[in-house]
Amino acid sequence: MRIPLPGDLDGRGFSVETGRAAGLGRNRLNGRDLSAPFWGIRVATPLVTAQDFATAYATRMPAGAFFSHQTAASILGIPLPFHASTPLPLHVSSVAALRGPTGEGTVGHHLQIDPIDVIEHSGLAVTGLARTVFDLAATLDDEALLAALDNILWHRRAATLRATHESLADAFTRFHGRRGRSRLLELMPLACDRSDAPPESAFRLRFRRAGFPPAIPNERVYDAHGRFLAMPDLQFRGFRMAFDYEGDYHRTDQAQWRKDLARVPRLQDDGWHHTRISGDDLQDPSELLHRTRRILIQRGWRPPR
């Protein structure tokens with residue numbers, strides 16, 4: 001019969017040394033019910049997310065080390081492109097004067113960093129919101145970088161874990177000489193706290209670079225009598241044009257599907273032009289941009305010279 005784990009070890013990661021101190025022998029520590037995601041670590045529950053792996057690794061993380069880059073983004077809920085959102089390897093950093101973290105399943109970094117840019121979240125030491133986005137600037141494209149900026153400003157984040165334009169500006173003055181800094185300088189004025197998802201950020205940027213009017217995210221639309229019509233993902237308010245990104249959940253969630261069906265006729269009856277955007281438009285936006293430009297001109301917009 002398998003020896004039960006002590007209650008304080010069951011359900012979380014623990015070091016081999018801790019297990020031995022609790023009376024577990026070699027055979028029990030090598031039991032088939034335990035995984036060894038990192039050298040010297042045992043875990044009794046499946047690890048799925050970056051936070052799961054980070055929590056396990058933290059039991060042997062060197063003093064003064066902290067999670068950064070993609071791992072910090074995952075822990076802090078900052079969206080990442082699919083190729084960058086894998087839970088492993090963990091990105092573990094230390095200040096430049098300390099010995100860097102090493103080991104299978106990890107990528108070590110030495111950073112020049114201000115102590116105020118390392119915070120504790122969910123019991124883990126991680127780079128703060130602004131520092132995490134700045135560290136990712138060298139690896140993310142412009143659309144993903146704007147989505148990350150939008151997310152850390154997002155009005156639905158807990159107030160204790162939300163950046164402001166002022167805090168971003170302060171961080172920008174402190175983070176000198178970093179790769180991607182010039183792109184951040186371009187994107188920061190476009191970042192807003194109302195963008196709910198990365199596709200909205202991507203299309204706002206594409207519309208901007210196509211020369212279109214500013215696309216306003218998630219603002220309520222009312223008719224002339226003050227009756228609520230809809231809250232489109234994006235809109236050109238002055239030209240009564242609305243856009244909604246239709247992800248898979250719009251098809252699979254019946255309540256959302258019915259809501260979508262109801263709002264479009266309301267907008268159209270009030271003189272709005274409504275466009276549904278899909279993942280295909282993310283892959284190739286040329287047709288969407290061409291059609292949007294044509295309809296904008298029909299509605300009185302004059303392209304900049």
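Is Ala210 buried, exposed or partly exposed? Before I answer, please note that this is a predicted model. Ala210 is partly exposed, because its relative accessible area is 29%, and partly exposed covers the range between under 20% for buried and over 50% for exposed. Where does Ala210 lie? Ala210 is in the loop that runs between helix H9, residues 198-209, and strand S8, residues 216-217. For a sense of distance, take Glu166: in sequence Ala210 and Glu166 are 44 residues apart, and in space their C-alpha atoms are 28 Å apart.

The largest nonpolar core has 47 residues. Among those with the most contacts inside this core are Phe67, Ile78, Leu90 and Val133. Several elements each supply at least two residues of the core, including helix H3 (50-57), strand S4 (90-95), helix H5 (129-136) and helix H7 (165-174). Which helix gives the most? That is H6, with seven residues. Another core, of 15 residues, lies apart from the largest one, and Phe243, Tyr245, Leu296 and Trp301 are among its members.

Last, the surface. Arg156, Arg194, Arg220 and Lys259 gather there in a patch of positive charge. One of these residues, Lys259, lies in helix H11, which spans residues 254-269. Lys259 counts as exposed because its relative accessibility is 53%, and the cut-off for exposed is over 50%. So Lys259 is exposed, whereas Ala210 is partly exposed.

That is my last item; I can take questions now.

Notes. Residues numbered from 1 in each chain as written. Predicted model: local features only at pLDDT ≥ 70, side-chain atom pairs only at ≥ 80, totals over all residues. Heavy atoms only, no water. Patch = residues over 30% accessible without salt bridge, like charges linked within 9 Å, V, L, I, M, F, W, Y side chains within 5 Å. Areas by Shrake-Rupley, 256 points an atom, 1.4 Å probe, with all protein chains shown as cover. Salt bridge = Lys/Arg side-chain N within 4 Å of Asp/Glu carboxyl O. Lys, Arg positive; Asp, Glu negative; His and termini not counted. Charge placed at Lys NZ, Arg CZ, Asp CG, Glu CD. Helix = DSSP H or I, 4+ residues; strand = E, 2+ residues; numbered from the N terminus. Buried < 20%, exposed > 50% of the residue type's maximum accessible area, 1.4 Å probe, protein only. Core = buried A, V, L, I, M, F, W, Y, C linked by side-chain atoms within 4.5 Å.
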